Amino acid sequence: GLKWAQCMRENGVDVPDPKPGEGIRMTLGPGTEKKLEQAQKACEQWQPPAGGRPRAESDGELREIAACMRRNGVEDFPDPEGGRVHITKDVGDDPDFEAAQRTCQKDKPGPGSK
């Protein structure tokens, strides 16, 4: 959900990072339908599964990303549990977080490259 929320923000839709145990929340103003549709298309690769069920095929990828984040300076980045990664505020505020995230996701296929 974190990658999806970040992608949505990068595509002009204000979506806060999801909190553990809560669904995705976003506030939309008038005239944002087209922007939302475009952002959803751009970010569909990271769309959280419906009903909060983890995607079984993503667990290995999440473990690889977690290990990569730790190798790149975010020592407290957690391993996934149940197909999800619960990132605390301390981990998210790590000064190396954004650079590590870019590094660890650069080899992952982007939206539309399926």
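**View 1. Helices α3 and α5 cross in a right-handed way.** This close-up comes from a predicted model. Two packed helices are described by the angle between their axes and the distance between the axes. Here, the axes of α3 (residues 59-71) and α5 (residues 97-105) come within 9 Å and cross at roughly 135 degrees.

**View 2. Side by side, α3 and α5 meet through a handful of residues.** On the α3 side, look for I65, C68 and M69. Their partners on α5 are F97, A100, Q101 and C104. Sort this contact by class and you get six nonpolar residues, one polar residue and no charged ones.

**View 3. C68 and C104 are joined by a disulfide.** A disulfide is a covalent bond between the sulfur atoms of two cysteines. In this one, the S to S distance is 2.1 Å. The angle about the S-S bond is -90 degrees, and the link of C68 and C104 is left-handed. Distant parts of the chain are linked here, with C68 in helix α3 and C104 in helix α5, 36 residues apart. Are these two cysteines, C68 and C104, buried or exposed? C68 is buried, and C104 is too.

**View 4. A disulfide also pairs C7 with C43.** Their sulfur atoms sit 2.0 Å apart. Which hand does this disulfide of C7 and C43 have? The torsion about its S-S bond is about -85 degrees, so the disulfide is left-handed. C7 belongs to helix α1 (residues 2-10) and C43 to helix α2 (residues 33-43), so the bond ties together parts that are 36 residues apart in sequence. Both C7 and C43 are buried. Stepping back, the structure holds two disulfides. If you number the bonded cysteines in sequence order, the pairing reads 1-2, 3-4.

**View 5. Helix α1 has a set of buried residues.** Where do you find them in α1? They are K3, W4, A5, C7 and M8. What do the buried residues of α1 pack against? They pack against α2, α3 and α5. After α1 comes G12, which has a positive phi, near 90 degrees.

**View 6. Q101 is a buried residue of the protein.** You can find Q101 in helix α5. Its relative accessible area is 12%, and the cut-off for buried is under 20%, so Q101 counts as buried. Which residues does Q101 touch, leaving aside its neighbours within four places in sequence? The answer is K3, Q6 and M69. Two of these names have come up already: K3 is among the buried residues of α1, and M69 is one of the α3 residues that meet α5.

**View 7. E44 sits in the loop between α2 and α3.** How exposed is E44? Its relative accessible area is 45%, so E44 is partly exposed. Now pick out C7, which is 37 residues from E44 along the chain. The C-alpha atoms of E44 and C7 are separated by 9.4 Å. For contrast, C7 itself is buried.

Technical notes
Residues numbered from 1 in each chain as written. Predicted model: local features only at pLDDT ≥ 70, side-chain atom pairs only at ≥ 80, totals over all residues. Heavy atoms only, no water. Axes fitted to C-alpha atoms, helices over the stretch in contact; angles between N-to-C directions. Helix = DSSP H or I, 4+ residues; strand = E, 2+ residues; numbered from the N terminus. Left-handed = near helix turned anticlockwise from the far one by under 90°. Contact = heavy atoms within 4.5 Å. Nonpolar A, V, L, I, M, F, W, Y, C, P; charged D, E, K, R; others polar. Disulfide = S-S within 2.5 Å. Buried < 20%, exposed > 50% of the residue type's maximum accessible area, 1.4 Å probe, protein only.
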